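Please keep the sequence and the 3D view at hand while reading.

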Amino acid sequence: MKTEKEKALEIAGILTDYKGVDTAVLDVSQLSSWTNYFVITTVNSSAHWKGLYRQVKDYAKENGLQIRVPNRKLPTGDDWNLIDMGSIVVHLMTDEARCFYDLEKLWHGGEKLL
């Protein structure tokens, strides 16, 4: 059985294989009570993030991860899309959003695994 860490790294590999840019994995388990890993990648268009979302969705289904859907309607946009799987949260961000929010700096206390 795969660990959460292995799953997070495999998701990062899938994102990279499908042209996600500068993919990073942060272990935030010591900093967060609601998740353990952030997987962050840069996308270049709405079609790109939708394709990556499908790949992550397929991986989640095959590996016993459940994508959590929020109870309330969230604003939709192409600049930052989040896939919440509980212990792993995937961030699909445009270059502009990634630079603006700078999650790696914000969560700098987490261990960078990739």
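## A covered strand

Strand β4 is mostly covered, since 6 of its 6 residues are buried, where buried means under 20% relative accessible area with a 1.4 Å probe and protein chains only. Ile 88, Val 90 and Leu 92 point one way from β4, while Val 89, His 91 and Met 93 point the other way, and all are buried. Helices (H or I, at least four residues) and strands (E, at least two) are DSSP runs numbered from the N terminus.

The model is predicted, with local features needing pLDDT of at least 70 and side-chain atom pairs counting only at pLDDT 80 or more, whereas totals for chains, interfaces and linings use all residues. Residues are numbered from 1 along each chain as its sequence is written, and side-chain values use heavy atoms, leaving out hydrogens and water.

## Partners in the sheet

Two strands pair if DSSP finds at least two bridges between them. On one side, β4 (residues 88–93) pairs with β3 in the antiparallel sense over 5 bridges, and Asp 84 stands opposite Val 89. The hairpin of β3 and β4 has 3 residues between the strands, and there Gly 86 takes a positive phi near 80°. With β2, β4 pairs in the parallel sense over 6 bridges, Leu 92 being the bridge partner of Thr 41.

## The whole sheet

In the order β3-β4-β2-β1-β5, 5 strands form an open sheet with mixed pairing. Because β3 (80–84) and β5 (111–112) stand at the edges with a single partner strand each, one side of each is left without a neighbour in the sheet.

How values were computed. Buried means under 20% relative accessible area, exposed over 50%, partly exposed in between (1.4 Å probe, protein chains only).
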